[in-house]
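Here are my notes for your first look at this structure. Please keep the 3D view open and follow the points in order.

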Amino acid sequence: MNYTLREIASIVGGRVIGNENIVVNGINYDSRVIQKKQMFAPFVGEKVDGHKFVADLFRKDIDASFWQEDCLLDLPSGNLVIVKDVLEAIQTLAAYYRSQCSIPFIGVTGSSGKTSTKDIIAAVLSAKYRVYKTDGNHNNKLGVPMTVLNMSADAEVAVIEMGIDDIGIMDQLAEIVKPDYTVITSIAPAHIQQFKTIDKIIQQKCLINKYLPQNGYCFYNSDYPAVKEQLLKMNLQKQIKSFGFDDASDLQVVNYRLENSNSYFQIKQYPDFTFHIPILGKHQVCNALAAISIGEKLQMTAWQMQQGLEKVRLTARRMQTKFINNCLVIDDSYNSNPSSLVASLDTFIEYDNRYHKIVVLGDMLELGNDSAEMHGDIADKVDFNEFEKIYLIGEEMKNLSEKLKQKQIKSSCFDDWKQAVPVLKGEIKKENIIFFKASNGMNFSGLISALED
C-alpha cells in the first residue's frame with residue numbers, strides 16, 4: 001500500500017486535517033508496535049479508547065492517524081483522516097487496495113483447521129513463490145482488512161484466513177478479499193448460538209465464493225457432502241474440486257501412515273510419489289491435500305509441493321509435539337469442537353503404541369443449547385478404551401464423564417485446570433504420552449506451562 005492521505009480520504013469518504021500529501025504504506029491499530037510509515041487506526045474497545053494514544057504517537061513521530069468523528073476527545077495536533085467509523089474505513093480501504101492487486105488471493109475458511117491449512121498452503125506455495133499470509137489467526141472483520149493492507153510489496157501470492165462467528169460477516173470478508181481460489185476445510189457446530197443450525201453454518205461459509213471469478217476454484221473436504229450441495233446451489237458446478245480419503249474425492253489419499261512426528265501419504269492422482277508432512281493426523285493430511293490442490297492450479301510439480309510440505313511449521317498449539325522432562329506431550333489445545341476433537345483423538349489412537357496414552361480434555365465452548373449432548377456424544381465416536389487414563393476438565397466435560405461411566409470406562413474430573421496440575425505432574429514420565437485438547441478459553445496453555453515449571 002502506498003497512498004497519500006488525500007487518496008485515502010477519497011477512498012473511504014473522509015476528510016483530511018493536516019498535510020494531505022503525507023504517504024503511508026500500512027495500517028496498525030497497536031500503538032506499541034506501530035512503525036513510522038504506518039497510519040494508526042484507533043478503535044474504541046471495552047476498556048480502552050485508542051484515540052487516547054494518538055497525541056502521544058504524533059509526539060513519537062508517526063505520520064498520520066484515522067480519527068472517528070464522534071470521538072469526544074480534543075483533536076490532537078497532527079495529520080488526521082476524519083471518518084464516520086474507523087472499522088468501516090479500514091474495510092473500505094482494504095477492499096479498494098485488494099482491487100488494485102494483480103496477484104492470486106487464496107481464501108481459507110471452515111469451522112476448524114483454517115489456521116493449519118493456511119499455514120500449510122503458504123508453506124507449499126513458498127517452494128515456488130514469495131508468499132504473504134495471515135499472521136496467526138487474525139481472520140475476523142478487523143484482522144482480514146488489516147492483513148490485506150499490510151501485505152508485503154514483493155508478494156506473488158496471498159493466503160488469507162477468513163473466520164466468521166455470526167451471520168453476514170462472510171459477505172463483508174468476501175467483498176474485501178475477493179479470492180481467486182478458496183478452501184473450505186471442515187464444518188462443525190462452532191458458534192452454533194449465533195448460526196442456530198449446521199445448514200446455516202454451511203451456507204455462510206460457502207459465501208466465501210460470492211465473488212469467485214470464472215477461472216477460480218473452490219476446494220472442499222469431501223467428508224462434507226452438504227458443502228457440495230450448497231456450492232451447486234451457487235451455480236459453481238464447474239469450479240469445485242473435492243479432496244479427502246473418500247473414493248469420490250477429486251484428490252484422494254490411497255495410503256496413509258504415521259511415523260515418528262510425520263504423516264506419510266500417497267495420492268491416487270500421483271501413484272509414484274509419496275508425500276509427507278511433519279505433523280500428525282488424517283485431518284492434517286486433508287489440510288495438506290487442500291494445499292496440493294492449490295499448488296496444482298499454480299503450476300507446481302509434486303516435488304516442489306513436497307519441498308514446501310517439509311517446511312510446514314504450524315501456528316503454536318495445533319498438534320504440537322514437545323517433551324516435558326522426557327515425557328512426550330501433544331498440545332492441540334488452541335481450540336476444540338466435536339469434529340476436531342474426534343479427529344485428533346483418532347490420530348492419537350493411531351500413534352506409537354510403545355507409550356501409555358493419556359488424554360486431558362477440556363470443555364468445548366460456544367456450542368449453544370446442545371452443548372451437554374455434544375460433549376456426551378464424544379463417548380460414542382471415539383474408542384476411549386484405547387487410553388490408559390482419561391482426565392476431563394470443566395463443567396461441560398462432566399457430561400462426557402457420565403457417558404463414559406455408562407460404558408464402564410473410568411475418567412477423572414476437575415472443575416478447572418489448576419486443580420488438575422498436581423495429579424498431572426505425577427503423569428510426567430518417560431513411558432507416557434499425554435494429549436491435551438480444549439477450547440482456547442479453557443487456558444490449557446497455562447496448564448501446560450504449569451507442568452513445565
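1. Helix α4 passes α11 in a right-handed crossing. Bear in mind that this is a predicted model. The two helices pack at an angle of about 125°, and their axes lie 7 Å apart. An angle of 65 to 115 degrees would count as roughly perpendicular, and one over 145 as roughly antiparallel. α4 and α11 are therefore oblique to each other.

2. Now find the contact itself. From α4 come I120, A123 and V124; they meet M305, G308 and L309 of α11.

3. Look at α4 along its length. This helix covers residues 114-125, which makes 12 residues. From first C-alpha to last, α4 reaches 16 Å, close to the 16 Å expected at 1.5 Å a residue.

4. How many residues of α4 are buried? The count is 12 of 12, so read "buried" here as under 20% relative accessible area. Among them are K114, K118 and D119, as well as I120, I121 and L125. The cover over the buried residues of α4 includes strands β8, β9 (131-133), β10 and β11. It also includes helices α10 (282-297) and α11 (302-309).

5. Turn to β8, one of the elements covering α4. Check both faces. F105, G107 and T109 point one way, I106 and V108 point the other way, and all are buried.

6. Which strands pair with β8? One is β10 (residues 157-161), in the parallel sense over 4 bridges. Another is β11 (residues 181-184), also parallel and also over 4 bridges.

7. Next, an open sheet. It has 5 strands in the order β2-β7-β6-β5-β4, with mixed pairing. β2 (15-17) and β4 (27-28) stand at the edges with a single partner strand each, so one side of each has no neighbour in the sheet.

8. Inside that sheet, look at β5 and β6. Strand β5 (residues 39-40) pairs with β6 (residues 64-68) in the parallel sense, over 2 bridges. F40 has S65 as its bridge partner in β6.

9. Finish with helix α3, residues 86-99. It lies across β4, β6 and β7 (80-83). Relative to β6, α3 runs at about 125°.

Definitions and conventions: Residues numbered from 1 in each chain as written. Predicted model: local features only at pLDDT ≥ 70, side-chain atom pairs only at ≥ 80, totals over all residues. Heavy atoms only, no water. Pairing = 2+ DSSP bridges. Contact = heavy atoms within 4.5 Å. Axes fitted to C-alpha atoms, helices over the stretch in contact; angles between N-to-C directions. Buried < 20%, exposed > 50% of the residue type's maximum accessible area, 1.4 Å probe, protein only. Expected span 1.5 Å × (residues − 1). Parallel < 35°, antiparallel > 145°, perpendicular 65-115°, else oblique. Left-handed = near helix turned anticlockwise from the far one by under 90°.
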